[in-house]
Amino acid sequence: MHILLIGNTGQLGWELERTLAPLGKVVSIDYPELDLSEPEAVRSVISGLRPNVLINATAYNAVDRAETEIDTATAVNVHAPEIMAEEAKKLSALFIHYSTDYVFDGTKNDLYVEQDRPNPINVYGSSKLTGEKAIEAIGGFYLIFRTSWVYSLRRESFVTKVLQWSRNNQTLKIVNDQVSSPTWSRMLAEVTAYLLIKGGDQPMAWLHDRVGLYHLAGTGVVSRFEWAKAVLKLNPRPSENVKQEILPALTSDFPTAAKRPLYTALDCSRFTETFGLQLPYWLTALQLAMENG
Ligand SMILES: NC(=O)c1ccc[n+]([C@@H]2O[C@H](COP(=O)([O-])OP(=O)(O)OC[C@H]3O[C@@H](n4cnc5c(N)ncnc54)[C@H](OP(=O)(O)O)[C@@H]3O)[C@@H](O)[C@H]2O)c1
């Protein structure tokens, strides 16, 4: 297997680089060697390296900044993945791309399935949805995985922020009305690697029969408040805490540039049934993450 991983410094990309290593030749490239806002650079890196698996772990994820940096969000979340899909198609390579629960408006108040109508309420979600559609329109050999609330202990994430806040503040106020499924970046990377070898002697043929878009996240549904409480309970360095109490708050208590969808938990049963892989419960994954980093 010859894998080209675009983005190896982000939460997911860092984990993917290590998890994919045993599967074959893995070449990784990231900013500043490759700037995704330069379309020709993206094209020439792929056509030059000629992988048979191309994985995009990059994204413009700054949800609030995206409201004003629309061109950058569009370049990274729409145009770059579109070029990747085009180049992968020319090579008959598998293209794996990740998208987000923020394609939904969060008003369903139940688990979102792939057939639900997306209706993003911020620029980030809208750019990721347009990116999905561009890949689907090219129609090559692709897998799009919509995931949610990705965290890592290595880069700034909600989990590391909660730990940091608890070291600096006596009272933590965490929103209780944003609900979804936390996803450990290592779990996402490992599941991606398992998929690549699941088909035995014919891994690509097996995946060819499964082209499409899937929801892929930690299982279970939790509010950010409950998630933060679990993080604090599992805190590996509790003696450093100055935190005395944690209180529920409302999203409207913290005005932000971008609107946040409230309920975006994903139903991943299509993924589980299609690929025969179980996805860990969010709290089980969090326990492992807190023990192992
Ligand atoms: N984080 C979440 O909560 C979340 C939720 C749902 C879905 N997702 C999706 O999951 C996937 C992985 O997300 P993540 O959390 O691992 O992302 P991340 O940690 O923010 O990493 C994003 C990566 O993209 C790179 N990048 C951004 N702009 C670039 C550019 N112009 N040129 C080259 N590289 C650029 C970043 O490089 P630098 O580090 O140098 O900026 C970084 O390596 C993405 O598709 C994301 O949309 C994430």
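Select β1, helix α1 (residues 11–20) and β2: together they make a right-handed β-α-β unit. Right-handed here means that, with the strands pointing away from the viewer, the path from the first strand over the helix to the second runs clockwise. Helices (H or I, at least four residues) and strands (E, at least two) are DSSP runs, numbered from the N terminus. The model is predicted: local features need pLDDT of at least 70 and side-chain atom pairs pLDDT 80 or more, while totals for chains, interfaces and linings use all residues. Residues are numbered from 1 along each chain as its sequence is written, and side-chain values use heavy atoms, without hydrogens or water.

Ile-6 stands opposite Ile-29 in β2.

Then show the polar contacts (pairs of N or O atoms within 3.5 Å). A polar side-chain atom of Gln-11 lies 2.8 Å from a ligand oxygen. At Asp-35, a polar side-chain atom lies 3.2 Å from a ligand nitrogen. At Ala-59, a polar backbone atom is 3.3 Å from an oxygen of the ligand. Finally, display the ligand surface: alone, the ligand exposes 910 Å², of which the protein buries 83% (Shrake-Rupley method, 1.4 Å probe).

Note on methods
Pairing = 2+ DSSP bridges. Polar contact = N/O pair within 3.5 Å; in protein donor to acceptor, adjacent residues only side chain to side chain.
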